[in-house]
Amino acid sequence: MTTTRPDSRAFGSLLLGPADQGPRRLRVRIQLLLSVLLVGTNVIGAGIVLALMLVIIPGEKIAREFAIAVAISGPTYVGVAVVLGASYGTVTTLAALRWATREEVPTAAERRAALRLPWRLSLMQALLWGVGAALHTLLAALLQPAAVLSVAFAVVIAGVVVSSVAYLFAEFALRPVAARALSDAPTDVRLGMLGVRGRLVVFWFLGTAAPVLGLVIGAIVVLSTPNASPRQFAVVVLGLSAVILFFGLLVTSLTAGAVTGPIAAVRGALERIRDGEFGVEVVVYDGTELGELQSGFNAMSHGLAERERIRDLFGRHVGHQVAAAATSTDTLELGGRTLEVSTLMIDLVGSTTYATEHPADDVVSMLNRFCAVVVDEVDAQGGLVNKFMGDAVLAIFGAPVALADHPTAALAAARAMADRLRVEVPEIGFGIGISTGEVVAGYIGDESRFEYTVIGDAVNAAARLTDLAKGVEGDILAMADTVAAAADDEGNHWAAEPPVVLRGRAEPTGVASLVR
């Protein structure tokens, strides 16, 4: 079964909306997310700089002139950078994504540009912070030379953190666009998104390299400070540890989300397949190895859906029991084996006349109603409808799946279908014959095309009894041996009739009909 159930977490978060959201809603969502995330990241970065400069990396006492200059330039530059960065970033982003907000098919260049947007936004943040680092380092060099190293390190480390977080935030916010860009593109082509290895390297740098580098710089500052005390170095270590632990957790969470999001989507879809929702898809929004995983899952899901469709069609053609037996083995061989089964044949009375007197649509409708009753009752008793022969049907009880009490099952099915046919298909008569005996059951034909069938005297006897049943009350005749082998509860519904000589046999055959 193929499912089209909507998924509000198709991109791994409710913030990103459903996969089928309209272009206007997508545009507003991206603009809000990018603006809030970029502004928030830069404001937090400014706080890091202030903490590092004033508390974490203490040098000599801060000069009044330098403090005033930083108090003026810092907030001013941060405000200008935030406004320019957020506005320019969102404007350029939406311009690059015009095709997505217009529901157009992207060109190869537009697809590459869309997938590289997180890099562009991250580089823009790095440029802004680089200018800020140069400006404040220059101020330190002019007003408090001893603090140059501290100021440069504080701004640079904050810029690295902000740029890295900006990349991860942008990649998160642009997942719906990445999904549309990748919808008709091969995911084995890296189009600019940071891969799993790259994400882990970023995490290593921020979680390991940056703190170690900070401790080294802090140690250099403390050692170069006259009369430095162990307390100063302790403050450096504790302060840097607090900042790095906080941002390390943030980056780890974002990186983990970027890595586990596609995996969680696949896992959820696997659970739906386990529940029978074959053909379910996950949204491919990642251009890395994880996107290949998502795309590979979709290909597998489509294959499973196609397999189930073919299996269902196969079962409808040959019977689900035969289909299950055929698919349970790697090879199928022509030939068969001798089994004792019960066979049931039913044939309509006057179907040729009915066909000449009614439109073709009415004939087909009648035959479908007739076959539906037969199939339903045979299935209910564990039998197999083996052949549709025009207006006749052959059913087998006991093959290919063994049935312990196949005579009882065949007789019960005959009675039930007769009662239903008189009500549901009253416009035409029928005859039913049931017999029990040995048959050869197996695959007959050629290696390129064959069918499962049964051949033997029991099949021929059922056919002969079917013809005779059309002229008796109750419209059913069964072999006496079948009734004798059935359970007592079922045998009580049948009464012996005078033996008859069936065509092709020399000796009379005991028969029974329904008790009326």
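This is a predicted model: local features need pLDDT of at least 70, side-chain atom pairs count only at pLDDT 80 or more; totals for chains, interfaces and linings use all residues.
Helix α8, residues 196-224, supplies the largest share of a nonpolar surface patch, four residues. The members of the patch are L149, V212, L213, V216 and I220, and together they have about 400 Å² of accessible area. Take I220, which sits in α8. Its relative accessibility is 41%, so I220 is classed as partly exposed, since that class runs between 20% and 50%.

In general, nonpolar side chains in soluble globular proteins tend to be buried together. On to the interior, then.

The largest nonpolar core has 35 residues, and those touching the most other members are L344, I346, M417, I432, I434 and W494. Several elements each supply at least two residues: the strands β1 (335-349), β3 (392-397), β4 (429-446), β6 (476-479) and β8 (509-514), along with the helices α13 (360-380) and α14 (406-424). The top contributor is α14, with eight residues.

What does I434 touch, leaving aside residues up to four places away in sequence? The list includes T343 and L344, then A410, L411 and A414, and also L465, I476, L477, A478, M479, T482 and W494.

Another core, of 26 residues, lies apart from that one; F11, I30, L117 and A178 are among its members.

Now the whole protein. There are 17 helices and eight strands. Of the 516 residues, 47% are buried. For contacts between residues at least 6 apart in sequence, 73% join residues at least 24 apart. The accessible surface is about 25400 Å², and carbon and sulfur atoms account for 62% of that.

Methods. Residues are numbered from 1 along each chain as its sequence is written. Side-chain values use heavy atoms; hydrogens and water are left out. Buried means under 20% relative accessible area, exposed over 50%, partly exposed in between (1.4 Å probe, protein chains only). Contact means heavy atoms within 4.5 Å. Accessible areas come from the Shrake-Rupley method with a 1.4 Å probe; for residues, only the protein chains shown count as cover. A nonpolar core is a set of buried Ala, Val, Leu, Ile, Met, Phe, Trp, Tyr and Cys residues joined through side-chain atoms within 4.5 Å. Patches are made of residues with over 30% relative accessible area and no salt bridge: like charges are joined within 9 Å, nonpolar side chains (Val, Leu, Ile, Met, Phe, Trp, Tyr) within 5 Å. A salt bridge is a side-chain nitrogen of Lys or Arg within 4 Å of a carboxyl oxygen of Asp or Glu.
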